[in-house]
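Here are a few notes to read with the structure open beside you.

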Amino acid sequence: MQYFDFHTHPILKQLFSETGSVTDMLGRNEVKVLQSQCTDIPNIIQSQIHPSQLAQYPEGVLLGIVLYSMESYLAAEVIPLRQHLRPGSQHKLSEPLLKKIVLNDYKAYTDFLVNRTLKAYLDNSDIFHIVTPETFANGLPANRINIFFVVEGCHSFVDSVNRTGEGKVFPVPEILDNLDRLLAQGIPILAINLTHMQQSSLCNHAFGIQLTNPAPFFPKGNGMEPDGYDIAQALFDRGIHPDLKHMSYKSRRDLMRAIDGQGDITLHSAMPLLCTHAGFTGIPFSEWPEYAALIRAEGPVVRVEMAKTLSVDSMPSAICAPTFNMSTINLFDEEIAWIVRHGGMIGLSMDRRILGYVDPYDADVDGRLDGEFVVDTDFISLAEWDGLDIDISKYRQKVDAAHCLTVQRLRQNWEDQSQQERWYYDHIFLHLKHYLQTCLRAGIPLKRPQSTSLSAATSTV
Amino acid sequence: MPGVKDMERLKRYVKTDFKGYLSQLEDARAWYRDLDVNQFAEDLFFGNGYRFVKAFMEGR
């Protein structure tokens, strides 16, 4: 089998180690199993896409390598995760490095992206082969991991500040100067995310982190900002694809409208958009309020707890029916059709959290199992809530046992432990079917979504 | 949490079971027989991405 993924971090964990090389590995026996922490954290910490694991695909591997510099607030939240490593392995998640990132003493672009990450790939050319046009003319080399690059968040290009707000922005000239330095070296950069988990001055982000204190990651903006449009146009001018992942729903909508010439700003010579590691909500945005089990203003954001649709319209039986993750970080139906029509690509994440799979024995990190219905918790900025003109008369219209997954049904599903893997696979099947069905409903012939536009994304680190 | 080592098994599962899954769904009945599931799986796990990146590199 040949293997492809748009968005991978094969050496991310190695980059946070105090010692060692890109071939070091974090194994299961280095991660503590804490009875009080029945979460995905141990699974996330241990290696999932190590170069040695990629070697099982000897017919050829082609990967998008993520150049990513950890944001300041995220670095602060990662420091306590070291407790999940056994004492002899805690050096593999360097506390001094994380603290320097928090303080911006370790610069996102110069120190982390260029000198730590990119250098590691360039220095290990016996393992990694950076693709060129000739690579495709001659056939993929099978003895090395063939790579191109994607950049996860424009903050990764910025040394001058490591957070926005209080007058601080991610400067557009600094982002583009540093991008151009990489391009001038011939580094093939396919796609760039405008934003990631933390507030950006380019556009608002979608709330997207469940394992830590959510407040530092609340989105507080309102769609695309003027600097974001400037960056998007600059990417088009350089032949680079914007990656929609991590943008808020309104930011994504603003960008699509600008490309279609329907917004306040019109972008020119647009490149197709990617969304490299996403899931689907299973509905158009217009139906989103119908599945909201709770809507409540909480400080700078609106907390929304989304019940999970069973898609019962297409299900002969709701027993063990899979669901979606209905958080707005995932794509709505009209976005799937838009991306396909415009020649873009969707990397369908196989990450069970993104797919909406819920394990009742996981720690209940966000209260999703507290009530009658299983919920996905989302936080929308107040400004976007007003800007989206959400039809509140639809609130809770489909929050019932006929349409949504109840906690009782989830626990019933789990009574037969042998069904767990099957249920996870059914989540993937539901997403594949939904992608095809959504394209057909949008008038796109089956041949196109079948043989273009969708790619599996392991989304592992 | 599935990792890269699980993708071969998942691809095989798509090839063997996805069409049967679709056949049970009322709103897929009109089109599922037209799906070439073997080609769909090949493209999903490699072909679509490969062709997209190839076109990108050739256009640089």
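**Notes on the predicted model**

1. Let's begin at one glutamine. Leaving aside residues up to four places away in sequence, A:Gln90 touches A:Arg82, A:Gln83 and A:Leu85. Please keep in mind throughout that this is a predicted model. A:Gln90 sits in the loop that links helix H4 (72–78) and helix H5 (95–103) of chain A. As for distance, 34 Å separates the C-alpha atoms of A:Gln90 and A:Leu179, which are 89 residues apart along the chain.

2. Helix H8 (residues 172–184) and helix H9 (residues 226–237), both of chain A, have axes that come within 10 Å and cross at roughly 20°. An angle under 35 degrees counts as roughly parallel, so H8(A) and H9(A) are roughly parallel to each other. The crossing in which H8(A) passes H9(A) is right-handed.

3. Which residues make that contact of H8(A) with H9(A)? From H8(A) come A:Val172, A:Ile175, A:Leu176 and A:Leu179, and they meet A:Asp227, A:Asp230, A:Ile231, A:Ala234 and A:Leu235 of H9(A). By class, the contact of H8(A) with H9(A) has seven nonpolar, two charged and no polar residues.

4. Chain B has a helix pair worth a look too. Helix H1 (residues 7–23) and helix H2 (residues 37–58) of chain B pack with their axes 9 Å apart, at an angle of about 155°. Angles over 145 degrees count as roughly antiparallel, and H1(B) and H2(B) are therefore roughly antiparallel to each other. Their crossing is right-handed. On the H1(B) side the contact is made by B:Met7, B:Leu10, B:Lys11, B:Val14, B:Lys15, B:Phe18 and B:Lys19, and on the H2(B) side by B:Val37, B:Asn38, B:Phe40, B:Ala41, B:Glu42 and B:Phe45. Eight of the residues in the contact of H1(B) with H2(B) are nonpolar, four are charged and one is polar.

5. Back in chain A, how do H11(A) and H15(A) cross? The axes of helix H11 (residues 333–341) and H15(A) come within 9 Å and cross at roughly 75°, which makes H11(A) roughly perpendicular to H15(A). A:Asp333, A:Ile336 and A:Val340 of H11(A) make the contact with A:His434, A:Tyr435, A:Thr438 and A:Cys439 of H15(A). The contact of H11(A) with H15(A) divides into four nonpolar, two polar and one charged residues.

6. H15(A) also holds a salt bridge. A:Arg422 pairs with A:Asp426, with 3.1 Å between the closest N and O atoms. Both A:Arg422 and A:Asp426 belong to helix H15 (residues 419–441) of chain A and lie four residues apart, about one turn of the helix. Over all chains, a search of the whole structure finds 21 salt bridges.

7. Finally, the interface. How many residues does each chain bring to the contact? Chain A gives 65 residues and chain B gives 41 residues. About 4900 Å² is buried between chain A and chain B, and carbon and sulfur atoms give 69% of that area. A:Phe136, A:Phe429 and A:Gln450 supply 16% of the area that chain A buries against chain B, more than any other three residues.

8. Two salt bridges are found across the interface of chain A and chain B. The side chains of A:Arg441 and B:Asp27 form a salt bridge, at 3.1 Å from N to O. Side chains of opposite charge can pair when their charged atoms come close.

Note on methods. Residues are numbered from 1 along each chain as its sequence is written. Chains are lettered from A and ligands numbered from 1 in the order in which they are written. This is a predicted model: local features need pLDDT of at least 70, side-chain atom pairs count only at pLDDT 80 or more; totals for chains, interfaces and linings use all residues. Side-chain values use heavy atoms; hydrogens and water are left out. Axes are lines fitted to C-alpha atoms, for helices over the stretch in contact, and angles run from 0 to 180 degrees between N-to-C directions. Helices (H or I, at least four residues) and strands (E, at least two) are DSSP runs, numbered from the N terminus. Angles under 35 degrees count as roughly parallel, over 145 as roughly antiparallel, 65 to 115 as roughly perpendicular and the rest as oblique. A crossing is left-handed if the near helix is turned anticlockwise from the far one by less than a right angle, and right-handed if clockwise. Contact means heavy atoms within 4.5 Å. Ala, Val, Leu, Ile, Met, Phe, Trp, Tyr, Cys and Pro count as nonpolar, Asp, Glu, Lys and Arg as charged, and the others, Gly among them, as polar. Buried area is the accessible area (1.4 Å probe) that two parts lose on being put together, summed over both. A salt bridge is a side-chain nitrogen of Lys or Arg within 4 Å of a carboxyl oxygen of Asp or Glu.
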